[in-house]
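Keep the sequence and the 3D view open while reading.

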Amino acid sequence: MIRICLFVVSFAVFFVACSSHGSYYYQGSSAYNKNLVSKLYSVQRQWSKTPYKLGGTSPRGADCSGFTQTVFLNNFAVKIPRTTRLQMQSGQTVSRRNLRTGDLLFFRTGRGPSGLHVGIYTRNGKFIHLSTRGGVKEVSLNTRYWGSKYLGARRYLR
């Protein structure tokens with residue numbers, strides 16, 4: 001009887017410990033995680049005056065993929081590839097109808113060395129990205145411009 005009780009208690013402790021993922025993991029069927037949304041809006045404020053600098057990876061100057069790579073490493077301890085093309089080829093493919101907060105969105109803008117652009121989905125059809133005009137901005141994926149340039153999405157956060 002004591003063994004059974006110990007087993008049940010051990011199992012319960014294990015289950016609780018394993019189910020309490022970091023605050024950036026999705027739980028249940030919620031379309032977004034409030035903590036993650038809050039963190040991304042904080043990132044947006046921190047990077048709001050960042051000038052566009054090809055090859056840059058810091059708030060002193062960055063390009064779009066440098067921005068996403070640095071944000072994921074510094075805020076979520078997730079290493080992602082450096083370039084937009086490699087970011088688009090890695091991670092888990094996500095359909096547009098299944099987007100979640102933190103997913104990377106990819107676009108063919110025709111600008112920059114690869115003609116590609118990347119941003120981070122926030123919620124309600126919006127995403128943040130480092131604009132070539134400088135600064136991180138939140139924009140709607142559903143505008144004519146961004147909607148027509150959309151290529152796909154990848155998930156790096158679980």
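This is a predicted model: local features need pLDDT of at least 70, side-chain atom pairs count only at pLDDT 80 or more; totals for chains, interfaces and linings use all residues.

Strands of a sheet pair through backbone hydrogen bonds, and the pairing can be parallel or antiparallel. Here, 6 strands form an open sheet with antiparallel pairing, in the order S3-S8-S4-S5-S6-S7. The edge strands are S3 and S7 (136–140), each of which pairs on one side only. From one strand to the next, the twist averages 35 degrees.

Within this sheet, S4 and S5 (residues 116–121) are joined by 5 bridges in the antiparallel sense. Phenylalanine 106 stands opposite valine 118 in S5.

## Strand S8 and its neighbours

S8 covers residues 150–155. Of its 6 residues, 5 are buried, so S8 is largely enclosed by the rest of the structure. In the strand order of the sheet, S8 stands between S3 and S4. With S3 (residues 92–94), S8 pairs in the antiparallel sense over 3 bridges; with S4 (residues 104–108), the antiparallel pairing runs over 4 bridges.

Single residues show how these pairings are arranged. Valine 94 has alanine 153 in S8 as its bridge partner, and leucine 104 stands opposite arginine 154 in S8.

Glutamine 92 is partly exposed, with a relative accessible area of 49%. Which residues does glutamine 92 touch, not counting residues up to four places away in sequence? They are Ala153, Arg154 and Arg155.

Glutamine 92 and arginine 154 are 62 residues apart along the chain, and their C-alpha atoms are separated by 5.2 Å.

## Helices on the sheet

Helix H2 (residues 34–46) lies across S5, S6 (126–130) and S7. The helix runs at about 125 degrees to S7.

Helix H3 also packs on the sheet, where H3 touches S4, S5, S6 and S7. The direction of H3 makes about 35 degrees with that of S5.

## Aromatic pairs

A pair of aromatic rings is described by two values, the distance of the centres and the angle of the planes. The structure holds 8 aromatic pairs. In one of them, the rings of phenylalanine 72 and tyrosine 156 have centres 6.2 Å apart and planes at 80 degrees; planes over 60 degrees apart count as edge-to-face, so this pair is edge-to-face. Phenylalanine 72 lies in H3 (residues 64–76) and tyrosine 156 in the segment after S8, so the pair ties together parts that are 84 residues apart in sequence. Phenylalanine 72 is buried, at a relative accessible area of 0%. Tyrosine 156 is buried as well, at 15%.

The rings of tyrosine 145 and tryptophan 146 have centres 4.9 Å apart and planes at 85 degrees, so this pair is edge-to-face too. Are these two residues buried or partly exposed? Tyrosine 145 is partly exposed, with a relative accessible area of 35%, whereas tryptophan 146 counts as buried at 11%.

## A cluster of rings and a charge

Ring pairs link Phe107, Phe127, Tyr145, Trp146 and Tyr150 into a cluster. One of these rings also has a charged neighbour: the charged end of arginine 96 sits over the ring of tyrosine 150, 4.8 Å from its centre.

Notes
Residues are numbered from 1 along each chain as its sequence is written. Side-chain values use heavy atoms; hydrogens and water are left out. Rings of Phe, Tyr and Trp (its six-membered ring) pair if their centres lie within 6.5 Å; planes under 30 degrees apart count as stacked, over 60 as edge-to-face and the rest as tilted. Helices (H or I, at least four residues) and strands (E, at least two) are DSSP runs, numbered from the N terminus. Buried means under 20% relative accessible area, exposed over 50%, partly exposed in between (1.4 Å probe, protein chains only). A charge sits over a ring if NZ of Lys or CZ of Arg is within 6 Å of the ring centre and within 35 degrees of the ring normal. Two strands pair if DSSP finds at least two bridges between them. Axes are lines fitted to C-alpha atoms, for helices over the stretch in contact, and angles run from 0 to 180 degrees between N-to-C directions. Contact means heavy atoms within 4.5 Å.
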